[in-house]
Amino acid sequence: MRIREILQEELEWLKGKIVEQLRATGTTVTGQTADSIEVYIEDNEKEIEAYLLGRSAFSTVEKGRAAGGVPSNMVDIIRQWIIDKGISVRQVPYIRQPSENWQPKYTVEERSLNMAAGAISHTIATKGTKLYREGGRADIYTPFIDEFLKRVEDKIYLEYKLEILERL
């Protein structure tokens, strides 16, 4: 019986569709989410377990992130996201003039980036992401789940039918 191969093939199809959709919708920035998706199949004599696994934040590509506790390095994560996404931030110059007694720790660009990352991080922590606040979306993996299940069902049905016919 080739159930394992069917599951492997169809999970790879599903993975391909999701990665394609992440790129087509502009959802991917660094590719880390797409790269994290893996097909996992384990079988023993009694059962086959088959999963499509992604990084822990995978569901946020459709649902967004609810308000609440954020990682301690959230500002760093958002800062890198701003850079990767190529978002320009409003420059906030220092009011105080550098002197012998005071030199700025950051350049105006670094300071502005830090302020933007801090503000975005605070908003996510207190209100959730914009995607979450707008109710999410259903176009990354949701459209392919039913099709995946139908494809698996049809192929496994056909496999059992052929096996039964061979035994007649």
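Me: Why does leucine 168 count as exposed?

Reply: In this predicted model, leucine 168 has a relative accessibility of 80%. The term exposed requires over 50%, so leucine 168 counts as exposed. Leucine 168 lies in the segment after helix H7 (142–167).

Me: What makes Tyr157, Leu158, Tyr160, Leu162, Ile164, Leu165 and Leu168 a nonpolar patch on the surface?

Reply: A patch is made of residues with over 30% relative accessible area, and nonpolar side chains are joined within 5 Å. Leu168, at 80%, is over that 30% cut-off. Together, the residues of this nonpolar patch have about 800 Å² of accessible area.

Me: How do you know that strand E1 (residues 38–43) pairs with strand E2 (residues 48–53)?

Reply: Two strands pair if there are at least two bridges between them. Here 6 bridges join E1 to E2, so the two strands pair, and they run antiparallel. One of the bridges involves tyrosine 40, whose partner in E2 is tyrosine 51.

Me: How much space lies in the largest pocket, and which residues are the closest to its centre?

Reply: The largest pocket holds about 1300 Å³ of space. Its lining has 33 residues, of which Arg55, Thr60, Ile78, Trp81 and Thr129 are the closest to the centre. Among the elements that give two or more residues to this lining are helix H2 (32–36), helix H3 (60–63) and helix H5 (108–127).

Me: Which element gives the most to the lining of the largest pocket?

Reply: H4 gives the most, with 7 residues.

Terms used. Residues numbered from 1 in each chain as written. Predicted model: local features only at pLDDT ≥ 70, side-chain atom pairs only at ≥ 80, totals over all residues. Heavy atoms only, no water. Helix = DSSP H or I, 4+ residues; strand = E, 2+ residues; numbered from the N terminus. Patch = residues over 30% accessible without salt bridge, like charges linked within 9 Å, V, L, I, M, F, W, Y side chains within 5 Å. Areas by Shrake-Rupley, 256 points an atom, 1.4 Å probe, with all protein chains shown as cover. Salt bridge = Lys/Arg side-chain N within 4 Å of Asp/Glu carboxyl O. Buried < 20%, exposed > 50% of the residue type's maximum accessible area, 1.4 Å probe, protein only. 1 Å grid on protein atoms, 1.4 Å probe; cavity = no way out; pocket = protein on both sides within 12 Å on 5 of 7 lines; lining within 4 Å. Points joined across faces, edges and corners; volume = space filled by probe spheres on them.
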